[in-house]
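Subject: Structure handover and findings

Hello,

Here is the structure for you to look through. Please open it alongside the notes below.

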Amino acid sequence: ISMVLKQFLTKSKGDVSNVLTPTLDFICRIIDVCSSMGDDDNHDSVAYDLLVTVNDSISHNRLLPLKFESLITASTHYLAVRPSVKFLDQTLQLYSKMLITSSHYSVSNVQVQQLSIAIRRSDGIRPSDATVCCLFGMMARSRSDNVNSSFFIQEPKISILLFSIIQTKEDTLKYISLFLELCQYSAYNCIQCHKGELDLLLVSMMKNYPNSFTFRGCQYDLSLSKEDVIKYVFPLMFLIAYYDSSPQFCAGIFSLMSPIVHKNELNDYDVEFPEFSSNMINQLSATVTKIAQDPKISLHMGLTDRVISVEGLKSQDFENGFTFQFYLYVDVHSAKISKMRPLIMKISDGDKSEIQFYVQGSSIVCWINSFEDGSNKSLLNPSKNSSKNSLFGVLYTNLPSCMWVRVTLIIQQFEEISTISFALNNSI
């Protein structure tokens, strides 16, 4: 059966719903039946062989993952009921292929809970290297990412799943410090950590320190020394909050600083502060001070619906040149993998010429377009009677990442020659 099924799935084009859907329902029902049966190696073997067949078929047919979302639900349920290391490996592979193939697919909260239970039962106190690497691949929606390289978090819910399967002090410190490095690597990762509620998880951890706790239906047994909490947890929490936050996070932070009132045996009241209240106040003060001192964002580059336009300027306004100065903040690592070219400024002379300044990776680029008129000298329709000349020039390379810098653009006119000068933090 496995060989016939593999041959059918491999050759399927993914659009034959009248055949593929009943086949998928058949596979899911068999796995559901196997999960409801008593302990029997034969049942485990049947469910495992079916999942291996599907994964092997997906490797040869990239259209299949879009049709197999219901199989993920069935295999995850089976794993929660009958935990198995080899079945866990195949289930995580199925999740990875779905996440890599479909940008619209996302792991649900219920699936996070089920995977957390299954991994803790299958791997025990310390998750295997294979499990951790697979989770990082799922988080990055990539096959190549691991704990030894920086990457971009694309599936943020996996972050709280990862911490739910950690049960030793060594692993807690290892992955808390790793996420701090990821957030320092890219502002995009900070925003993704907020979306995945890692900031709220850390607040819950501090509220219950040093005890175990439950968050979003998952059990957490995170263990850290007080020194490591101050060194890693607080900076990670507030680095995420610097870029994105929520009322729930703010309420949690205030609860960690608020005094606690107890009634003693003498019917009097004792007041005490939470253990890390002074450290929390210092960290909060530093973060708020930094936010207040940073330049106020006037324009988000790269968004076509957010443009500041100044029209009606005359050529006399530019005869003696002009200077344009602004503060710029670029997530360089994210920009390097982006196909977008966020526009900083464009100066246009109708249909005759234009100058564009934009960010490309770690560089600021100048692009000049000019039209040479044809015999009819028509400016209304330059495409017919004019030719286009384009010039590119890199004004600056190696922009500092995730840091405010002051940029100065100077355009000067000397008779028939125009010059463009660029300065970063007043240094040309």
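Predicted model: local features only at pLDDT ≥ 70, side-chain atom pairs only at ≥ 80, totals over all residues.

**Salt bridges**

The structure contains six salt bridges. Three of them are described here.

Start with Arg120 and Asp221. Their closest N and O atoms sit 2.5 Å apart. This bridge joins distant parts of the chain, 101 residues apart. Arg120 belongs to helix 6 (residues 109-123). Asp221 is in the loop between strand 2 (218-220) and helix 12 (226-243). Asp221 has 18% relative accessibility, so it counts as buried; the cut-off is under 20%.

Next come Arg141 and Glu155. Their side chains form a salt bridge, at 2.8 Å from N to O. Both residues lie in the loop between helix 7 (129-140) and helix 8 (157-164), so the bridge ties together parts that are 14 residues apart in sequence. Arg141 and Glu155 are both buried.

Asp294 sits in the loop between helix 14 (277-293) and strand 5 (322-329). What does Asp294 contact, leaving aside neighbours within four places in sequence? The contacts are Tyr242 and Trp404.

Helix 7 has 12 residues. From first C-alpha to last it reaches 16 Å, close to the 16 Å expected at 1.5 Å a residue. Is helix 7 largely enclosed or largely open? Nine of its 12 residues are buried, so the rest of the structure largely encloses it. Among the buried ones are Val132, Leu135, Phe136 and Met139. The buried residues of helix 7 pack against helix 5 (85-101), helix 6, helix 8 and helix 9 (169-185).

Arg141, the salt-bridge partner of Glu155, follows directly on helix 7. Its phi is positive, near 50°.

Helix 8 is mostly covered too, with seven of its eight residues buried. These include Ile158, Ile160, Leu161, Leu162 and Phe163. Two serines, Ser159 and Ser164, are buried in helix 8 as well. Which elements do the buried residues of helix 8 pack against? They pack against helix 6, helix 7, helix 9, helix 11 (198-208), strand 1 (213-215) and strand 2.

**The second largest pocket**

This pocket holds about 320 Å³ of space. Its lining is made up of 17 residues. Phe238, Leu239, Tyr242, Tyr243 and Lys290 lie nearest the centre. Two of these names have come up already.

Helix 9, helix 12 and helix 14 each supply at least two. By class, the lining has 12 nonpolar, three polar and two charged residues.

Leu180 is part of helix 9. At 8% relative accessibility, Leu180 is buried. It touches Lys231, Tyr232, Pro235, Leu236 and Leu239, not counting residues up to four places away in sequence. Leu239 also lies among the residues nearest the pocket centre. The C-alpha atoms of Leu180 and Val233 are separated by 8.2 Å, although these residues are 53 apart along the chain.

Val407 lies in strand 10 (residues 404-414). Its relative accessibility is 0%, so Val407 counts as buried. Leaving out residues up to four places away in sequence, Val407 touches Phe324, Gln325, Phe326, Leu328, Phe422, Ala423 and Leu424. The C-alpha atoms of Val407 and Asn426, 19 residues apart along the chain, are 7.5 Å from each other.

Best wishes

Technical notes:
Residues numbered from 1 in each chain as written. Heavy atoms only, no water. Salt bridge = Lys/Arg side-chain N within 4 Å of Asp/Glu carboxyl O. Helix = DSSP H or I, 4+ residues; strand = E, 2+ residues; numbered from the N terminus. Buried < 20%, exposed > 50% of the residue type's maximum accessible area, 1.4 Å probe, protein only. Expected span 1.5 Å × (residues − 1). Contact = heavy atoms within 4.5 Å. 1 Å grid on protein atoms, 1.4 Å probe; cavity = no way out; pocket = protein on both sides within 12 Å on 5 of 7 lines; lining within 4 Å. Points joined across faces, edges and corners; volume = space filled by probe spheres on them. Nonpolar A, V, L, I, M, F, W, Y, C, P; charged D, E, K, R; others polar.
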